[in-house]
Amino acid sequence: MQRLIDLHTHTHHSDGVLSPSELVARAAARQVAVLALTDHDTMAGCDAAAADCRAAGIRFVPGAELTAGWRGQEIHVVGLALQAGETTLRTYLDDVLSRRRRRIAAIGEKLRTERTLDGFDPSAAVLAGSAMPTRMHIARELVCAGHAATTQAAFDRYLARRTPGYVPQEWPTVESAVAAINAAGGLAVLAHPHRYKLSNGALRELCDHFSAVGGAGMEVSIAGQSPNDLSRLARLARLTGLAGSVGSDFHEPGMPWRPVGRSDKLPDGVEPLLDRLPPP
Ligand code: AMP
Ligand code: MN
Ligand code: MN
Ligand code: MN
């Protein structure tokens, strides 16, 4: 059976639903040989995932997906092979956490005062229940309380842009995210570049900027992308000299189009990011 590489996954330590142990069990069942845990802005699940990977014979890569901003757009930067607890990285993650907490409270306040939900405010439960709160946690509370049938419906009615609970958010710069990752001994990878609302020219500028400030790679093969996006990203990687990373961006079994371990083979001429990772 094929040995798979997955350098982008989530657990319930951010907006996924599985525990690290459950994630690793799924990875083992799917013959994953190399697994990175890259929860949003936290490494809280990495120790548990590392222990289970050791027992399962999977090579583990400790990571995190850092939230950042560039020209007003939210950009995600995956850090791989990170030293947890390194000061610059910890300062970055603490900063994002406090921004997230303020935003969640502001969303709750908006929903409550606009009386969209008859005064219901999901933010207290989210802030008490999740160490790294996201809007997905708010969406799940809205579903639990019967205000929406699905988390997607909760976003469409209450949380997405141009809805009553939308609160814009500024994030630290891409440059500072890359710097924090490099300070922690890791490799910085531009996450899912095809998902940003950027023209081809602007995306090229982002990749050039990312490389210039010390980024090592970009995701080229991500579960669920179109063949056109795969070849577009491969071309960008070759042009910019960024290494190519692969991953599923797995969040939960309820999203079967991105199972753990799923990604296409890296196209020819793209240097595999895996080759730049420190040896196990
Ligand atoms: P946050 O980091 O707080 O903005 O929350 C991000 C989470 O919300 C991720 O799980 C996203 O997949 C999810 N999300 C963001 N926008 C939408 C949307 N328009 N529809 C569905 N999910 C979304
Ligand atoms: Mn996510
Ligand atoms: Mn992301
Ligand atoms: Mn992700």
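**Entry 1: starting point**

Are H8 and H10 buried or exposed? I looked them up, and both H8 and H10 are buried, where buried means under 20% relative accessible area, exposed means over 50%, and partly exposed lies in between, using a 1.4 Å probe and protein chains only.

A note to myself on the ground rules: this is a predicted model, in which local features need pLDDT of at least 70 and side-chain atom pairs count only at pLDDT 80 or more, while totals for chains, interfaces and linings use all residues. Residues are numbered from 1 along each chain as its sequence is written, chains are lettered from A and ligands numbered from 1 in the order in which they are written, and side-chain values use heavy atoms, with hydrogens and water left out.

**Entry 2: the sheet**

I followed the strands next. Seven of them form an open sheet with mixed pairing, in the order β1-β2-β3-β4-β5-β6-β7. At the edges I found β1 (4-6) and β7 (243-247), each pairing on one side only. From one strand to the next, the twist averages 35°; axes here are lines fitted to C-alpha atoms, for helices over the stretch in contact, and angles run from 0 to 180 degrees between N-to-C directions.

I then checked two of the pairings. β1 and β2 (residues 32-37) run parallel and are joined by three bridges; D6 has L35 in β2 as its bridge partner. β5 and β6 are also parallel, over two bridges, and V189 has G217 in β6 as its bridge partner.

How many of the residues of strand β6 are buried? I got six of the six for β6 (residues 217-222), so this strand is largely enclosed by the rest of the structure.

Donors are N, O and S atoms within 2.8 Å of the metal (3.2 Å for Na, K and Ca); water is not among the atoms, so sites may look incomplete.

I found T9 in the loop between β1 and α1 (20-29), and at 0% relative accessibility T9 counts as buried. A polar atom of the T9 side chain lies 2.8 Å from the backbone oxygen of A36.

**Entry 3: the manganese ion (ligand 2)**

Which residues coordinate the manganese ion (ligand 2)? I listed D15 (OD), H40 (NE2) and H251 (NE2), at 2.1 Å, with the sequence spacing D-x24-H-x210-H. H40 is in the loop between β2 and α2 (46-56) and H251 is in the segment after β7, so the pair ties together parts that are 211 residues apart in sequence. H40 is buried at 7% relative accessible area, and H251 is buried at 6%. The manganese ion (ligand 2) is 4.4 Å from the manganese ion (ligand 4).

**Entry 4: the manganese ion (ligand 3)**

E65 turns up again: E65 (OE), H76 (ND1) and H192 (NE2) coordinate the manganese ion (ligand 3) at 2.1 to 2.2 Å. Their spacing along the chain is E-x10-H-x115-H. H76 is in strand β4 (residues 73-80) and H192 in the loop between β5 (187-190) and α8 (200-212), a pair linking distant parts of the chain, 116 residues apart. I have H76 as buried at 12% relative accessible area and H192 as buried at 4%. From the manganese ion (ligand 3) to the manganese ion (ligand 2) I noted 5.4 Å.

**Entry 5: ligand 1**

What surrounds ligand 1? I wrote down D15, R100, R103, T134, R135, M136, Q152 and F155, a residue being near a molecule or strand if one of its heavy atoms lies within 4 Å of it.

- The side chain of D15 has an N or O atom 2.4 Å from an oxygen atom of ligand 1.
- R100 has a polar side-chain atom 2.9 Å from an oxygen atom of ligand 1.
- R135 has a backbone N or O atom 2.7 Å from an oxygen atom of ligand 1.

A polar contact is a pair of N or O atoms within 3.5 Å; within protein, one must be able to donate a hydrogen and the other to accept it, and residues adjacent in sequence count only if both atoms are side-chain atoms.

Methods: Pairing = 2+ DSSP bridges. Helix = DSSP H or I, 4+ residues; strand = E, 2+ residues; numbered from the N terminus.
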